[in-house]
Amino acid sequence: MINLEVPKKAGALINQAYQAAAEVFRPISRKYDRAEHTYPTELDMFAALLDGLNSSGEGGAGAAGVRRSASDKDEKGNRNGANLNVVLGTIEMCWGDVGLLLSMPRQGLGNAAIGSVATDEQLKRFSGMWAAMAITEPSCGSDSAAITATARLDGDHYVLNGEKIFVTSGERADAVVVWATLDKSKGRAAIKSFVVERGTPGFEVVRVEHKLGIRASDTAVLRFENCRVPRENLLGTPEIDTAKGFAGVMQTFDNTRPLVAAMAIGVARAALEETRRILSEAGVVIDYDRPAHTQHAAAAEFLRLEADYESAYLLTLESAWMADNRKPNSLQASMAKAKAGRSVVEIALKCVELTGAYGEESLLEKWARDAKILDIFEGTQQIQQLIVARRVLGKTSAELK
């Protein structure tokens, strides 16, 4: 049974992540928000430290994968493993700056895809690589099954053709995990993911986007034109299994959605803490021993926002804990992503509203801009609600659209 208290053994990890967020991220947060598209060189040494933390086996930094072996189901008892550690570490780091975390070398969302579905040989071969993930296309956004990018086998290579948009770290990463279909006539079951390394002929970065928030992170448009990728760079199995359908590539989201939820929780907590400070300096007392309706209106609103934050936080811990304990977590991952994504937007905007002009002097207005993307990428709010509805009602994607 899940214990929603933070495991004691995670204490050191959380403290280290918090110190890094406070000492590395916060001081340069405004600098790289203003200097959009400038690579934060301060992250290079820090990324090397995170590599060491991840290689220790405890995890806690970056994008690990949800991997389940045949022996997992034979293990007894509860365990708090890499997925929970990564979520807890991500919360602290995004308390510092979510855009800078997304800019961390070798911690990309493509790394989560590799960690989730790659073979053992591929895990070893792609170790140490910084991988972005390319899913969205100009003609298909939230419906990943509608992907039109194609991959055609030609001898020892797959030939990729298509265009991808909104690729986080698409310009800076060493490689991109590209979703493409082997056979459009076979539907979503034919969609596979391919590791395409930078410099591969036919792989072009078209442009880097200007954004509302997370400006420290680059977001690119990519084009693949007769791009030849070694056949061994297809993640997982090349067979098209119509019975299994889309499950292979979609397994990636079981990991990345709790991560994005954790990012949202980190930003929400930062906004709440800053708002509490500003309200306190203005003489507004927040009293947990009195009913909210008997307190200052700002205090009552703050208590409501804090309760919303707590529910998102607990849902996120649950989804990560389930992954560590060999339990299917697709429903919980979508619930956590939907709740945290919606909550962080409301919390950040309300905090700006509560603090008024004082919010402009802090990072509150930046966090309000950063928050919006956390309700969009890795599956929009509407898509998460649709997934939850299907799971709860026992409906297929064809039955409930």
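I count a salt bridge when a side-chain nitrogen of Lys or Arg lies within 4 Å of a carboxyl oxygen of Asp or Glu. By that rule, I find 23 salt bridges in the structure. I note that the model is a predicted one.

**Entry: R269**

I looked up R269 and E92. Their side chains meet in a salt bridge, at 2.9 Å from N to O. The pair joins distant parts of the chain. R269 is in helix α7, E92 is in helix α3, and 177 residues separate them. Are R269 and E92 buried or exposed? I find both buried.

I then checked R269 against E273. Here too the side chains form a salt bridge, at 3.2 Å from N to O. This pair sits within helix α7, 4 residues apart, about one turn of the helix. E273 has 38%, so I class E273 as partly exposed.

**Entry: D370 and K366**

I looked at helix α11 next. The side chains of D370 and K366 meet in a salt bridge of 2.5 Å, N to O. How far apart are D370 and K366 in helix α11? They are 4 residues apart, so about one helical turn separates them. D370 is buried, at 1% relative accessible area. K366 also counts as buried, at 3%.

**Entry: a network**

I asked which residues are linked in a network of salt bridges. I wrote down E301, R304, E346, K350 and E353.

**Entry: nonpolar cores**

I turned to the nonpolar side chains. How many residues does the largest nonpolar core have? I get 65. F25, V98, M104, V344 and L374 have the most contacts inside this core. Several helices each supply at least two of its residues, including α1 (11-34), α3 (82-96), α8 (297-324) and α9 (330-355). Which helix gives the most to this core? I find α7, with 13 residues.

**Entry: recap**

Methods
Residues are numbered from 1 along each chain as its sequence is written. This is a predicted model: local features need pLDDT of at least 70, side-chain atom pairs count only at pLDDT 80 or more; totals for chains, interfaces and linings use all residues. Side-chain values use heavy atoms; hydrogens and water are left out. A nonpolar core is a set of buried Ala, Val, Leu, Ile, Met, Phe, Trp, Tyr and Cys residues joined through side-chain atoms within 4.5 Å. Buried means under 20% relative accessible area, exposed over 50%, partly exposed in between (1.4 Å probe, protein chains only).
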